[in-house]
Amino acid sequence: MMISGSQQNSPRKLSDNAFQGAGVKPGLTLWRVENFGLKKLTEDQHGLFHDGDSYLILQCEGRAAPYASHIHFWLGKKTSQDEAGTAAFKAVELDDILGGSPTQYREIQHHESRKFLSYFPKGVKYNEGGVRSGFKKSEVVNQKRLFKIKGRKRPRIFEVPLHSDSLNRGDVFILDNGSKVWVWCGAESNRSERRKGMEFARDIRDSERSGKARVLLIEDDPKMRPQKDKNDELSLFFSELGSAGPIKAADARGSDEKHERDMIAKTSLHKVTDTGGQMRVTEIATGRLRYEQMEPRDTYIVDQGGVGLFVRVGSHVSKEQKLQNLKVAVNYLRSKKYPDYTQVTMVTQGSEIPLFKQMFVNWPHKGLRMNQQTYHNGRGIAQIQQTKFDAATLHERKKRQQEKMFDDGKGKIDIWRVEDFRLVPQPKELHGTFFGGDCYVILYTYVKDRREQYIVYYWLGLKSTPDEKGTAAHMTVKMDDSLGGAPMQIRVVQGKEPEHFMRIFQGKMIVYRGGKSSGFRGHQQEVQQSGQPRLFQVHGFGPDSKKALEVEAVAASLNSNDVFLLLTQSEGFLWYGKGCSGDERELAKELAGRVAPRFADDFEKIQETKEPQRFWEFLGGRGDYASGSYFEQEIPEYPPRLFLCSNATGRFAVEEVFNFTQEDVEEDDVMLLDTHDTIYVWVGKDANSTEKKEAMTTALEYVKTDPSGRDPEKVQMVVIKQGYEPPQFTGHFEAWNDDVFAHGKSYEQIKTELRDENAGISFVQEELTKFSFDRKYPFSVLCQEEVPEGVDPTRKEYYLAPDEFYQHFKISFKEYEQKPQWKRDMLKKNAGLF
């Protein structure tokens, strides 16, 4: 295949200042293309894209340099060819500055990759206009506008026409008129979408209205009609909308996941060569690809059957050649008549990402030995390097935090704790000290443009009571009023602290268990007097983000990926998990001095598997804890991947969740966790039978169609019920909280109570038999509203034995299947099984 690839004039070279500091530290950086150059965007502009512009995005990930870098260039649907060309050129230029190792992605508006969307937890927002039109629309803050929220875990936010025709019963919409923000939840929208809608509405109120707008929730009900009463909120909503016409049914969303997986399994490899100034693309392999089919210094295109393209270039390819290869890839997808928005990703030899490697059956992994994941009981643990849990989960907070940076965190701090429905001031020496059973209000004062600015944070401990949470919110509003409405109000939940919040405590944040009844001043004395040991888990990636979290002092709290601090009446221990980094060890030493200054530098440092017997005795004995050994390298070749399985839109779909945390696992969903050697199917208590069945079927297909050549017979397929999560599952989530699903009980306690070594755990193949039509039930069971697990309530007749089917339907099942659908429905109604 001949692909045109003649060189075009390059855009005017940008000064080095545009990329100053790029790639120096982890996090997100955005630039907008302006006049053939780049303009760096401020953090409050992240997530807002204009359809007439092009953008460049750099995401750096990792605990220490050199960081894993991802470069995306985003093209608005109305951007000019010059702007799109500049964005592509600058992506290659930035790639060259960073040593040629980053992965590059081409992003098209409305069709962004899931990795791109994962950088913006609150979703991306599209506005009309661009540089040339002066962003007229986005600058009118109080303009009446209607937004549509589409997506589950990482929603896109569209501005849509201000009319009832824009509404449908399957989505969530936000109507903003300046003084009020309505959240209209379609009758068939799901809980996740509704929560995202409320978050977006509160963000409009706090960020654009200084907390002065009212947020109102409207639950769509097809039976409801607007009243003539001018105070009726539904009437006001449609009045502001300008129309109250009929609402459209839920639209069919999502893609055919099975079709997409089948297309990915049909991958093909193409070699790109330069023949007399023309770029030739030649197919050299299809189906299961092999590593040796590629030459080290050549350029290749991997076509995933139209789902996406990878361009793999040699490590010594020049900037000009990379830009040329990107043009060839775009021309290739057009020659194949693929959609223009087809994902194009460029990887460099030696820096290939896992998703690229998995398409090759025999990709070489140096020093790699595949092991089944285990969790240990503390005795005779093999001395091997433990697998690092997915590093992206540790950066989720980083991405979320960057949206809330206001200054350097060195302003004035005043802190109050909620006690008996009032605020009690906290002395300066206790700033940074929190209890998980309490709520706090923090007033932060800083100077900007020679004027005092205020932020009021209210921090809610996970174990605090509803009364305390309500008091904290109420007192925050009163404080806002006392300051003339000037402060910005920010709600902070324990474990989700934004970066600016962390920064104001200068790396001195400690979260203790308990609440005001235990009191901090007597806390260390209490340890000395009672002799009860205490265990702290250390988190953090730098001097301003580190914190210590007190956890239950039992072996089950340990995790091979972290550093733990154990305090007893007479001594202290620093326990280093096999997967912890040097930076984490240093952070742990600093925090240890704050948590227990009486031991100073006398902490005994313990390596995992080298624990003295008294260490286990302080923890109540040896016990199971999370540990993984399926890779012998610090960062796994196949990081864990989480997928959401749901039919909430009326159609079963599978969506990958990036940067996942426990918050992404919800009671009405089914999740797939892929750790390469094991596929976990997590089943929420409110998940329906269709989701359960389709998720398990998808898990089997997912492994069978994996181009990396995983042997399905050697991959364990495990089903886990909500509240029965074992350590080898929870270990892939940062700070998994047993209180959320298991009512505070560890998996060890559950197993002991139920006297079942595999409580709540079964195998996929075993569970799928429950959904087979081969299982028969009596008519008396199937005619009930509640049917046995695995029975499709829309096809109850399929579970009747032949003689009982004939008894109630007066025809054979074979005759029944030959009837048109309307006739079958009538027969089911007559039989009482509709």
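Predicted model: local features only at pLDDT ≥ 70, side-chain atom pairs only at ≥ 80, totals over all residues.
Started with the rings: F49, Y55, W74, F116, Y119, F120 and Y126 make up one aromatic cluster.

Then I looked up the aromatic pairs and got 36 for the structure. I picked F573 and F615: the ring centres sit 5.8 Å apart with the planes at 80°, so I logged the pair as edge-to-face, the cut-off being over 60 degrees. F573 belongs to strand 29 (residues 572-576) and F615 to helix 14 (residues 613-618), so this pair ties together parts 42 residues apart in sequence. Buried or exposed, these two? Both F573 and F615 came out buried.

Next pair on my list was F805 with Y816, also edge-to-face, at 5.4 Å centre to centre and 70° between the planes. F805 is in helix 21 (residues 802-809) and Y816 in helix 22 (residues 813-817), so the parts tied together here are 11 residues apart in sequence. F805 has a relative accessible area of 1% and is buried; Y816 counts as buried too, at 1%. What lies over the face of Y816? I found R824 there, 5.8 Å from the ring centre.

I traced an open sheet of five, ordered 20-19-22-23-24, with mixed pairing. Strand 20 (422-425) and strand 24 (488-493) are at the edges with a single partner strand each, so one side of each has no neighbour in the sheet. On average, neighbouring strands in this sheet are turned by 30° against each other, direction ignored.

Last entry: strand 19 (residues 412-419) pairs with strand 22 (residues 439-448) in the antiparallel sense, over six bridges. I checked D414 and found L443 of strand 22 opposite.

Definitions and conventions:
Residues numbered from 1 in each chain as written. Heavy atoms only, no water. Pairing = 2+ DSSP bridges. Helix = DSSP H or I, 4+ residues; strand = E, 2+ residues; numbered from the N terminus. Axes fitted to C-alpha atoms, helices over the stretch in contact; angles between N-to-C directions. Phe/Tyr/Trp six-rings, centres within 6.5 Å; stacked < 30°, edge-to-face > 60°. Buried < 20%, exposed > 50% of the residue type's maximum accessible area, 1.4 Å probe, protein only. Lys NZ or Arg CZ within 6 Å of the ring centre and 35° of its normal.
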